[in-house]
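This report covers one protein model, taking its backbone features, domains, salt bridges and a pocket in turn. The sequence and structure are shown below.

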Amino acid sequence: MQYNAYENILCVMDNAAKKAGIPEKDYMLLKYPERELKVSIPVEMDDGSVCVFEGYRVQHSSSRGPCKGGIRYHPHVDMDEVKALAAAMSLKCAVVNIPYGGAKGAVRVDPGRLSQDELKRLTRRYIAMILPIIGPERDIPAPDLNTNPNIMAWMMDTYSMLKGFAVPGVVTGKPVEIGGSLGRREATGRGVVIITEQILRHLNRCGRGVRIAIQGMGNVGGTAAGLLYSKGYRIVSVGDESGSLYNENGLDIASIQEYLSKRGNFLSDYNQGNPKHMTPDEIITCDCDILIPAAIENQITESNAERIKVGIIVEAANGPTSVKADAILDKKGVVVVPDILANAGGVVVSYFEWVQNIQSLMWDIEDVNLHLENIMLKAFQDVLGASGEYGVSMRTGANIVALKRLSAAKKIRGIFP
Ligand SMILES: NC(=O)c1ccc[n+]([C@@H]2O[C@H](COP(=O)([O-])OP(=O)(O)OC[C@H]3O[C@@H](n4cnc5c(N)ncnc54)[C@H](O)[C@@H]3O)[C@@H](O)[C@H]2O)c1
């Protein structure tokens, strides 16, 4: 049977609901996204021709507040993927208990093939076409795969021009100059570090001697590596799409980061301190204590899960572990901290950005980081509590916490009319 991301997330919900004894009637509505919008986006190309791209915005649930979720530009995205990602956002926002529902948007395009002007026209037309269903009080987009603060600025400007006044709270992940939040860029990596330290403390594995491997040295992995290194942890392996490095005594992350900050530099060419070079995927099974996959989805699969040596995995990437691999890890006793908890720092600070925008306030970085830490610590305890109470993995525990909050909100509000 062909893999269907949406069917998969429905199975995850059913499994968590069964374990927690949540009756189907209480969460049944969460199996149906509230609204699915598909738009055709005509774009005048630089050579005068016209191309039409397909765009989507799915609002999964608004029971707990406005819908929230990123917009990705990708040539292979489809409605089922967007529906699954929107549902995952509902679960993620509920796990960290911020007053949002879930949404996701996408445009089926390879942005690398467009000029900056074409990309700008595509973005502006897409926002104009989904404008009736977005807004600071109903649905707030953010960056995702292949979209960035610059694109968020075009989105904010388009929405504001069509409304006739500046509306910074319509998207998050904006440049700071137009209402972006301090600390947003580092928020996901910072959240990953908070959760990593919590799981170590919980398992009595405290101590800077633990050996950490991080796959992905981009926004999330790079920030997490830098923060852990500055706290004195031993990072024995890091990887990117070109390859991975390994040094049992610990890598010099500051030097690696400086090297990577130069455009076009990849880890496969880094040789300072004579690290052992490995392929991009060898990092998954390397000899260490904690693995932080922070690159792309589907990296831990049934083909490598059995060979994994770590006792702890902190999922910084979205969906790095396949369903089959998850079962293998569970059997091996590997503790997996799931993505909807581990990488939620980004959406938490997006929430802070929106809060600042709608109140016309500007927080200090200290306030942002303190509030982020409080929310992540509380969410960690909630998930741990649920996994202990029901005797389930942290992944199922996180889904139980989320489903309970989502179904309670639906039940209390009732069905209109
Ligand atoms: N940026 C955020 O705020 C945020 C929030 C939540 C979740 N995430 C998730 O975190 C992950 C990383 O996001 P990011 O923003 O850091 O992306 P990024 O593009 O900044 O970095 C990705 C990193 O992964 C590496 N990589 C790509 N393909 C690889 C492969 N096949 N093998 C090994 N390494 C590979 C790249 O070289 C790069 O170092 C994604 O799954 C994303 O969905 C990001």
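In which segment does Pro417 lie? Pro417 lies in the segment after H13. The model discussed here is predicted.

## Backbone features

Most residues other than glycine have a negative phi, and most peptide bonds are trans. Two places in the model can be set beside that background.

A cis peptide bond joins Phe416 to Pro417, with omega at about 10 degrees. Asn204, a residue other than glycine, has a positive phi, near 55 degrees. Asn204 belongs to the loop that runs between helix H6 (184-202) and S6.

## Domains

The protein is divided into domain 1, residues 33-164, and domain 2, residues 185-342. Four residues from domain 1 and four residues from domain 2 take part in the contact. The C-alpha centres of the two domains are 30 Å apart.

About 390 Å² of area is buried between domain 1 and domain 2, and carbon and sulfur atoms give 64% of this area. The count of salt bridges between domain 1 and domain 2 is zero.

## Salt bridges

Side chains of opposite charge can pair when their charged atoms come close. How many salt bridges does the structure hold? The structure holds 27 salt bridges.

One of them is formed by Arg211 with Glu248, where the closest N and O atoms are 3.5 Å apart. Arg211 lies in strand S6 (residues 211-215), whereas Glu248 lies in the loop between strand S8 (243-246) and helix H8 (253-260), so the pair ties together parts that are 37 residues apart in sequence.

## The second largest pocket

Rolling a probe the size of a water molecule over the atoms shows where empty space is left. The second largest pocket holds about 360 Å³ of space. Its lining is made by 13 residues, and those closest to the pocket centre are Leu29, Lys410, Gly414, Ile415 and Phe416. Phe416 is also the residue that the cis peptide bond joins to Pro417.

Helix H2 (24-27) and helix H13 (394-413) are the elements that give two or more residues to the lining of this pocket. Which element gives the most to that lining? H13 does, with three residues. By class, the lining has six charged, four nonpolar and three polar residues.

Methods: Residues numbered from 1 in each chain as written. Predicted model: local features only at pLDDT ≥ 70, side-chain atom pairs only at ≥ 80, totals over all residues. Heavy atoms only, no water. 1 Å grid on protein atoms, 1.4 Å probe; cavity = no way out; pocket = protein on both sides within 12 Å on 5 of 7 lines; lining within 4 Å. Points joined across faces, edges and corners; volume = space filled by probe spheres on them. Helix = DSSP H or I, 4+ residues; strand = E, 2+ residues; numbered from the N terminus. Nonpolar A, V, L, I, M, F, W, Y, C, P; charged D, E, K, R; others polar. Domains from an automatic or database assignment. Contact = heavy atoms within 4.5 Å. Buried area = accessible area lost by both parts, 1.4 Å probe. Salt bridge = Lys/Arg side-chain N within 4 Å of Asp/Glu carboxyl O.
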